[in-house]
Amino acid sequence: MNHAFVAALAAAGHTAESLADRLGVHPKTVARWANPGHIPQSRHRATVAGLLDKEIDTLWPDAGRRREPVWFRPWVDLEREAVTLRSFELAWVPGLLQTEAYARATLAGGVLTAEAVDEFTEARIGRQAILSRAGGGPLLVAVLDEGVLRRRVGDDRALMAAQLARLLGSAEAGTVQLHIVPADAPSYPGLDGPFTIADMPDGSRVAHVDSAAQAQILDQPSDLVNLERRWERIRGEALPRGRSLALPREAAAAWT
């Protein structure tokens, strides 16, 4: 338990309910901040610290030791609080399901320094803790284009075999609902690029439209309605669960 946060809450005369009312969030969101590794979104962090008359680093020491790219951090904060994540990927295995070797290979060979590759790989793998956190993580529904399974990442074929084994293990264990859009599907809306829709504890929704340059977070109703429609059309092209799992099994065997 985050004893510093719990003690500060009591000393300030607040409960999870009263603090949630001041912030306009669900009380369950505030309650989660008492658990290790759960840090308020950046837009709430300073306000909470002010209401509790404490420094941010006192309440959440890890808040100052972020390793993600700066532009990606607002999305990581939202992802951590989400109850459902619906992710479509056109080119890569979702970061929440990547092995360390796969993650490193996607980051290496570009403009990043070796130190940055180490830091960003660590951050990406660290994000995966939300799927196995105490009390249950978010439901992750992942839809992938079949090309993700067939396109080699890195120089070692064993890397791809291990990555697909990890993907299958997560899907078979029920950690993630996996669906694959087969290669013989006609042109479909997913070709416009990847995105993730997050359902938040208070019933609101936000989305992340992927980009190599920056995180574009969408929260306007008109944008979300369009993404929801796009998601449903993509799901309509994807195979059901049983047939979807057969494809990574087949691909994994081909990589060995």
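Visitor: Which exposed residues does α2 carry on the face turned away from its buried side?
Guide: That face of α2 carries Asp-21 and Arg-22, both exposed. Exposed means over 50% relative accessible area, buried under 20% and partly exposed in between, with a 1.4 Å probe and protein chains only. Helices are DSSP runs of H or I with at least four residues, strands are runs of E with at least two, and both are numbered from the N terminus.

Visitor: What kind of model is this, and how are residues numbered?
Guide: The model is predicted: local features need pLDDT of at least 70, side-chain atom pairs count only at pLDDT 80 or more, and totals for chains, interfaces and linings use all residues. Residues are numbered from 1 along each chain as its sequence is written, and side-chain values use heavy atoms, with hydrogens and water left out.

Visitor: Back to α2, then. Which of its residues are buried?
Guide: In α2, which spans residues 16–23, the buried residues are Ala-16, Leu-19, Ala-20 and Leu-23. They lie on the same side of α2 because they cover an arc of only 100° around the axis, the arc being that of the directions from the helix axis to the C-beta atoms.

Visitor: Why would such spacing put residues on one side?
Guide: An α-helix has 3.6 residues a turn, so residues three or four places apart point the same way.

Visitor: What follows α2?
Guide: Gly-24 follows α2, with a positive phi near 75°.

Visitor: Which non-glycine residue has a positive phi near 55°?
Guide: Asp-53 has that value. Most residues other than glycine have a negative phi. Asp-53 sits in the loop between α4 (42–51) and α5 (56–59), and it counts as exposed because its relative accessibility is 67%.

Visitor: Now Arg-127: buried or exposed?
Guide: Arg-127 counts as buried, since its relative accessibility is 12%. Arg-127 belongs to helix α8, residues 114–127.

Visitor: What does Arg-127 touch?
Guide: Beyond neighbours within four places in sequence, Arg-127 is in contact (heavy atoms within 4.5 Å) with Phe-72, Val-76, Glu-79, Gly-95 and Leu-96.

Visitor: And the whole protein: how many helices and strands?
Guide: The protein has 12 helices and six strands. Buried residues make up 49% of its 256 residues. Of the contacts with a separation of 6 or more, 71% join residues 24 or more positions apart.

Visitor: What box do the C-alpha atoms fill?
Guide: Along the principal axes, the box is roughly 60 × 40 × 35 Å.
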